[in-house]
Amino acid sequence: MEHPENSAEYAGLQVNSGVEQPSIVNPYMRRGKFRRREMSVGEMVEGIVKGDVTVLSQAVTLVESVNPEHQQRAQEVINRCLPYSGNSVRIGISGVPGAGKSTSIDAFGMHVLKEKGGRLAVLAIDPSSERSKGSILGDKTRMEKLSVHPDSFIRPSPTAGSLGGVARKTRETIILCEAAGFDKIFVETVGVGQSETACHSMVDFFLLLQVAGTGDELQGIKRGIMEISDGIVINKCDGDNVDRCQMAATNFRNALHFFPMPESGWTPKVLCYSGFFGLGIKEVWDMIYQYVDFTKQNGYFEHRRREQAKYWMYETINEQLRLSFYNNPVVAAQLADSERSVLEGRQTSFAAGQNLLDIYYSQLKQE
């Protein structure tokens, strides 16, 4: 019996079936997939110029898309934002993992927003896993104060196996951020060698973060990263680590004497600070603004930006040629056979590569 309490011996009791409950689905909701209305190029540019962070985020997503239609729209947005760009100080920050880049950006950003005002954008190049192809994109979690500040914008971008492509997109994102009114821009990258060169090619001041006791006084010379640094700061200079940081700073200053004078005429400085305790941050910003004033007076500031624009023109050509090669249907059809012949030892890598290039050139002549 479903309800034994309704039997004859319990005649004084009765259990009702209850009230029928309405469906949790809204009956007035329209069937079908919800699609957000796409903004036109004009609407997107207007929103960016007004400083709307939501529109800016949508524009950056458009820039990062691999869809050819999206890329075409993104280029239209960038070209129309170009007249509003260029009015910022672009600062590149790099260092070995664990040097405290994200913590330092949080401290640097909060200090400059408090002292100078304006708006700050942080563009982080996050390396992707070679195995899973995924990225953590967790920089905001270590920028606790800056991530909730109303005048800041933090945007991590995965390399997805192509550092050159994401670097170009980061440079285009800089233009959008400047058009949106961000007058201070950080470009953060992990210290893996090639990423520093890409970062240096899009910023005005390149800041290298170091920690004491890692042996990088000599490694820096061998890697050549110190050659492109406009300033070196040693983090975690607090507590019992002060003496080690001061000794490391002395070693870095001595190492810098092995390099010729930079083209800018600026002698790179070595400073110590503590990002966690906020010590020495003012001195770091004073160094950055001294460099900007110095290079603007001798004309190197504008010269460097012009050289960067020329560099990215050639990078764009190289990338488009690469895409044209791999997207060629005849080359794509032959690629697997050439790869198999190399793996089986029937052909050398150079011969296979040259053969594919000959096929590509012949296709271009036929067109």
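User: Why does Lys50 count as exposed?

Analyst: In this predicted model, Lys50 has a relative accessibility of 66%, and since a residue is called exposed when that value is over 50%, Lys50 counts as exposed.

User: What makes the pairing of Glu46 with Lys50 a salt bridge?

Analyst: The closest N and O atoms of Glu46 and Lys50 are 3.2 Å apart, and because the rule asks for a side-chain nitrogen of Lys or Arg within 4 Å of a carboxyl oxygen of Asp or Glu, the pair of Glu46 and Lys50 is a salt bridge. In general, side chains of opposite charge can pair when their charged atoms come close. Glu46 has a relative accessible area of 45%, a value between the cut-offs of 20% and 50%, so Glu46 is called partly exposed.

User: How many salt bridges does the rule give?

Analyst: The count comes to ten salt bridges, and one of them joins Asp183 to Lys184, with the closest N and O atoms 3.1 Å apart.

User: What makes Asp204 and Arg305 a salt bridge, and which parts does the pair tie together?

Analyst: The closest N and O atoms of Asp204 and Arg305 are 2.7 Å apart, and because the limit is 4 Å, the two residues form a salt bridge. Asp204 lies in the loop between α6 (194-200) and β5 (205-211), while Arg305 lies in helix α10, so the pair ties together parts that are 101 residues apart in sequence. Asp204 and Arg305 are both buried.

User: Why is Trp312 called buried?

Analyst: Trp312 also lies in helix α10, but its relative accessibility is 6%, and because buried means under 20%, Trp312 counts as buried. The C-alpha atoms of Trp312 and Arg168 are separated by 7.4 Å, although the two residues are 144 residues apart along the chain.

User: How do you know that the span of helix α11 is close to what is expected?

Analyst: Helix α11 (residues 329-343) has 15 residues and reaches 22 Å from its first C-alpha to its last, and this is close to the 21 Å expected at 1.5 Å a residue. Helix α11 also has a kink of about 35°, centred on Leu335.

User: Which residues of α11 are buried, and what covers them?

Analyst: The buried residues of α11 are Val331, Ser338 and Ser341, and what covers them includes α10 and α12 (349-366).

User: Why is His111 called partly exposed, and which residues is His111 in contact with?

Analyst: His111, found in helix α4 (residues 101-115), has a relative accessibility of 22%, and because buried means under 20%, His111 is not buried but counts as partly exposed. Leaving aside neighbours within four places in sequence, His111 is in contact with Ile281, Lys282 and Trp285. His111 and Ile281 are 170 residues apart in sequence, yet their C-alpha atoms are 7.5 Å apart in space.

User: How many helices and strands does the chain have, and what share of its residues is buried?

Analyst: The secondary structure comes to twelve helices and seven strands, and of the 367 residues of the chain, 43% count as buried.

Technical notes: Residues are numbered from 1 along each chain as its sequence is written. This is a predicted model: local features need pLDDT of at least 70, side-chain atom pairs count only at pLDDT 80 or more; totals for chains, interfaces and linings use all residues. Side-chain values use heavy atoms; hydrogens and water are left out. Buried means under 20% relative accessible area, exposed over 50%, partly exposed in between (1.4 Å probe, protein chains only). Helices (H or I, at least four residues) and strands (E, at least two) are DSSP runs, numbered from the N terminus. The expected span of a helix is 1.5 Å times one less than its number of residues. The bend at a residue is the angle between axes fitted to the seven residues ending there and the seven starting there. Contact means heavy atoms within 4.5 Å.
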